[in-house]
Amino acid sequence: MKTHNILLVEDSVGDIRLTVEALKESRIPNQLHVVQDGVEAIDFLNKEGQYSNTPQADLILLDLNLPRKSGFEVLKEIKESKTLRTIPVVVLSTSDSPKDILRSYELYVNCFVSKPVEYDGFAKAIRSIEDFWFTTVNLPVSLKA
């Protein structure tokens, strides 16, 4: 079974730790890559600077409230990029604001998930996201030789 590369864009150390723990329990092979701000996210995705040898992400888990470049700005850049726009982006945010949800979908997010507060709910949400994107749907494959 293929190992899936997941990019977590999150500045909260606690939420990073929760995501790491939730993905350890996964039955789907995955490699989690973590960046803590929007600028690092774009560098990672474009393989720039210290991220020149990173693998292409198969799924992006994106927080909205990030330093240096907001999650909305990151989402906009991803969806405007011909090389990045096909990577599924899941906004994983503490927000459940209708305004944030609408804006995310206007920027072509693939789905919006409000982070559950307790660990069991958070872990279940992460596993559901992973299961859906890696076992239920068909994702595009790069046609580069």
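Two strands pair if DSSP finds at least two bridges between them. Strands (E, at least two residues) and helices (H or I, at least four) are DSSP runs, numbered from the N terminus. In this predicted model, local features need pLDDT of at least 70 and side-chain atom pairs pLDDT 80 or more, while totals for chains, interfaces and linings use all residues. Residues are numbered from 1 along each chain as its sequence is written, and side-chain values use heavy atoms, without hydrogens or water.

**Sheet.** Five strands form an open sheet in the order β2-β1-β3-β4-β5, with parallel pairing. β2 and β5 are the edge strands; each has a single partner, so one side of each lacks a neighbour in the sheet. From one strand to the next, the twist averages 20 degrees. β4 and β5 run parallel, joined by four bridges. Serine 93 stands opposite serine 114 in β5.

**Helix.** α1 (residues 13-24) lies across β1, β2 and β3. The helix runs at about 175 degrees to β2 (axes fitted to C-alpha atoms, for helices over the stretch in contact; angles from 0 to 180 degrees between N-to-C directions).

**Cores.** A nonpolar core joins buried Ala, Val, Leu, Ile, Met, Phe, Trp, Tyr and Cys residues through side-chain atoms within 4.5 Å. Buried means under 20% relative accessible area (1.4 Å probe, protein chains only).

| Core | Residues | Members include |
|---|---|---|
| Largest | 24 residues | Leu7, Val9, Leu45, Ile60, Leu62 |
| Second, separate | 20 residues | Ile6, Ile16, Leu23, Trp133 |

Isoleucine 60 contacts (heavy atoms within 4.5 Å) Leu7, Val9, Leu45, Ile78, Ile87, Pro88, Val89 and Val90, not counting residues up to four places away in sequence.

Conventions. Buried < 20%, exposed > 50% of the residue type's maximum accessible area, 1.4 Å probe, protein only.
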